[in-house]
Every structure is written in C-alpha cells, then in structure tokens.
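Please take a look at this model with me. A few questions and answers follow the display.

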Amino acid sequence: MAVNGTRPHTIVGILEHKAALEKLPSSIRPEVILVKTPEDLQRCDALVIPGGESTTIALLARLSGVLEPLKEFAKTKPVWGTCAGAILLSQAVENAKKGGQELLGVMDITIARNGWGSQVESFEAPLEVDGLRNPEQPFTGVFIRAPVVLKLNPSSTSPPIKVIAKLSPELLPPSLSSPDHSDEPKIFVALRQGLHFLTTFHPELTEDNRFHEYFVRECVLSSKKPQC
Ligand SMILES: NC(=O)CC[C@H](N)C(=O)O
C-alpha cells in the first residue's frame, strides 16, 4: 500500500510497489490498497511509503489529514520507506528545504536529502545484499536524487539497526568518500530497525522483488508471530 499523490515527480513508484507485492508467492502475498485517506490507513496493517519529493509527500499527507494518523501508525506498525519515504522515516535530516521537513522519526538515523550531489543525482549500481534471499546474486539499485545515510544513532532502548544492503565504497563520489575509511554509514543503502525498513533507492523499479519479499516476511509477517 502507498500514500498516493497526483503529480508524477511528486510521488514515484506507487503502482510498481503494488505490482511487486502482488507478484510475491501466494503464501505471503498481501492484499494491497492505495492509501489516500485516514480511513484507508486504518484498514492497513503495514505501509510502504514511496519515493518522490519528501517535503511534498509530507505536505500532501498533511492536507489529506493522513499525516497525524501516519505518525501514530508508524509507532507500532511495519513501515517501509523508499527514497523520499526513507527520509520520512528518519529521526533527523540534513539539507531539508526551507521551512523544514516533517519526519515520522521512527528510525534512529540521520539522513541527507539529495546526498549524492549533482553529477550523480541518478545512477544504477550493483548492491551487496547480505540480508536478502540469494545474497550471492547482486541487486541492481536504482538511485534517483537519493538520500545518503550520514549517521546511525541507535539508542539503548530501541531495536538494533541491521544493514541489509551496501554499495561498494569505490562507488561513493569523491565528495562523500573519506580518506580515513569512515565510509560506513554512507554506503548503507538498506537498513532495518525492528518493524521499520528503509531503502535509499527504488527496488520497485526493477523486476527483482527480493526487497518486497524481505519486508513482508521479516517486518510484517514475523511481527504477527506470537512472541515467546
Ligand atoms: N527518488 C526520490 O524519492 C528522491 C527523494 C528527493 N530527493 C527528496 O528529497 O525528497
């Protein structure tokens, strides 16, 4: 399911996310609805926030009355944010537009909007996907004016932050790579913390739906299993 919008550059990948989720094996395939109102959100037990323009997505969510229910939803339910959606899940953002950026703040990270700089605003790169099914098979990451993870700020009371996919450090542009090899957070492009999951790229724009499978299996279905 996804927060919907009207202009193509404002929101990216809604129908592709829906199609990728609907292609999952029938044993884990969710029913997918598009979320436009608080009533739609109430019907969901998990949410995918797509890419696009994070400030505008937050504004549209506010105008449609979804923002406050979404903040409550995200505290207790599985949410996956792709690209702009990843920004919304973060605790802090750098490079926010004038006027600030609304955040759901459920993942303990600091992220930079448009972190790749102008030459490399959009690119594709093979990712190391240790956290996925068939990890030996790289995943093609599609990065579109993508954010960059700057810091992990885990607290002692929140679930650990797990790295699900990384870029190779050689792919970092010179403006981001550090001579002292402290590239680590910047090469992290898929992170999971408890029920929450972010990818700074667009898995829904490829035919490979392993990230969709990961979210459903690990964040959605495993959260429904009784805890011992
Ligand atoms: N592809 C995307 O979602 C781009 C994110 C966009 N640069 C933003 O800030 O919000």
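This is a predicted model: local features need pLDDT of at least 70, side-chain atom pairs count only at pLDDT 80 or more; totals for chains, interfaces and linings use all residues.

User: Which helix and which strand each supply at least two residues of the shell around the ligand?
Analyst: The shell includes Gly51, Gly52, Cys83, Ala84 and Arg145. A shell residue has its C-beta atom, placed from the backbone, within 6 Å of the molecule. Helices (H or I, at least four residues) and strands (E, at least two) are DSSP runs, numbered from the N terminus. The suppliers are helix H5 (84-89) and strand S5 (51-52).

User: Is Glu53 buried or exposed?
Analyst: UniProt, in an unreviewed entry, includes Glu53 under "binding site"; such annotations may be inferred rather than shown by experiment, and positions use the numbering here, with feature names shortened. Glu53 sits in the loop between S5 and helix H3 (54-63). A residue is buried with 20 or more other C-beta atoms (placed from the backbone) within 10 Å of its own, exposed with 12 or fewer, and partly exposed in between. Glu53 has 21 such atoms, so Glu53 is buried.

User: What is the largest C-alpha distance among the residues of the "active site"?
Analyst: The unreviewed UniProt entry lists Cys83, His202 and Glu204 there. They spread over 122 residues of sequence, yet cluster in space. The largest C-alpha distance is 11.0 Å.

User: Which "active site" residue does His202 touch?
Analyst: His202 lies in the loop between strand S14 (196-199) and helix H7 (210-221). Contact means C-beta atoms, placed from the backbone, within 7 Å. Not counting residues up to four places away in sequence, the residues touched by His202 include Val12, Thr82 and Cys83.

User: How many C-beta neighbours inside 10 Å does Glu204 have?
Analyst: Glu204 is also in the loop between S14 and H7. Its contacts include Glu16, His17 and Thr82. Glu204 counts as buried because its C-beta neighbours inside 10 Å number 26.

User: Which residue of S11 is the bridge partner of Ile109?
Analyst: Three strands form an open, mixed sheet in the order S7-S8-S11. Two strands pair if DSSP finds at least two bridges between them. Strand S8 (residues 107-112) and S11 run antiparallel, joined by four bridges. The partner of Ile109 is Leu152.

Technical notes: Residues are numbered from 1 along each chain as its sequence is written. Two residues are in contact if their C-beta atoms, placed from the backbone, lie within 7 Å.
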